[in-house]
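Here is a protein chain to look over.

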Amino acid sequence: MDLSPNCEPVDKKPILTADGLIQSAPSQANNNTATNTGSGPNSQTLSATRLDIEILPAIYDIIRCVEKDPKDNTAKQRESQECSHKILELQKRFEAARAQVRLLPGIDYNKEEQLQQLELLRNQLKLKQQLIRKYKDIQF
């Protein structure tokens, strides 16, 4: 993702040129690009390995809370409120996870665009490997 002259993010999607190289051009398909506003765990571009998503402990707490079976009604009501609070906490974690996933680079590409980009990168790799072999064989 690059910045336009007025400092707005511009998503550039690769296009295969006639000579087999990749040229980046601004995307016309999706102009609502997600940008990180600095509210997440880091203010730079996220990667899948750096996502801060921990929902299993919250699910475990909810299960543990539901499994408790107090005898008196006041304890049952308190446990019910505690379970409701933990469920709301889990929902907040899901929302935070969704927000982080929206910030991942390339998330706005559909399957066909991803496959096209993969094919373009494979073609570019083949061309570069051919050039390396060619220059290795040249006698100086």
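The questions below go from the whole chain down to pairs of side chains.

This is a predicted model, in which local features need pLDDT of at least 70, side-chain atom pairs count only at pLDDT 80 or more, and totals for chains, interfaces and linings use all residues. Residues are numbered from 1 along each chain as its sequence is written, and side-chain values use heavy atoms, with hydrogens and water left out.

Me: In what order do the elements of the chain run from the N terminus on?
Reply: Helices (H or I, at least four residues) and strands (E, at least two) are DSSP runs, numbered from the N terminus. By that rule the chain has 3 helices and 4 strands. The order is β-β-β-β-α-α-α.

Me: What percentage of the residues of the chain count as buried?
Reply: Buried means under 20% relative accessible area, exposed over 50%, and partly exposed in between (1.4 Å probe, protein chains only). The chain has 140 residues, and the part that counts as buried is 19%.

Me: Which cysteines form a disulfide?
Reply: A disulfide is a pair of cysteine sulfur atoms within 2.5 Å. By this rule the count comes to 1 disulfide. The sulfur atoms in question are 2.1 Å apart, and they belong to C65 and C83.

Me: Which helices hold C65 and C83?
Reply: The pair links distant parts of the chain, 18 residues apart. C65 is buried, at a relative accessible area of 3%, and C83 is buried as well, at 11%. C65 lies in residues 56-67 and C83 in residues 73-102, which are helix α1 and helix α2.

Me: How many Å does α2 reach from its first C-alpha to its last?
Reply: The expected span of a helix is 1.5 Å times one less than its number of residues. With 30 residues, α2 has an expected span of 44 Å. The model comes close to that, with a reach of 43 Å.

Me: Against which helix do the buried residues of α2 pack?
Reply: Contact means heavy atoms within 4.5 Å. The buried residues of α2 are A75, E79, C83, K86, L90, A97 and Q100. Their packing partner is α1.

Me: Is K86 buried or exposed?
Reply: K86 has 17% relative accessibility, so K86 counts as buried.

Me: What is the N to O distance in the salt bridge of D61 and R64?
Reply: Both residues lie in helix α1, 3 residues apart. D61 counts as partly exposed at 25% relative accessibility, and so does R64 at 39%. The N to O distance is 3.5 Å.

Me: Which residues does the UniProt annotation "coiled-coil region" cover?
Reply: UniProt positions are given in the numbering used here, feature names are shortened, and annotations may be inferred rather than shown by experiment. According to the unreviewed entry, the annotation covers residues 111-138.

How values were computed
A salt bridge is a side-chain nitrogen of Lys or Arg within 4 Å of a carboxyl oxygen of Asp or Glu.
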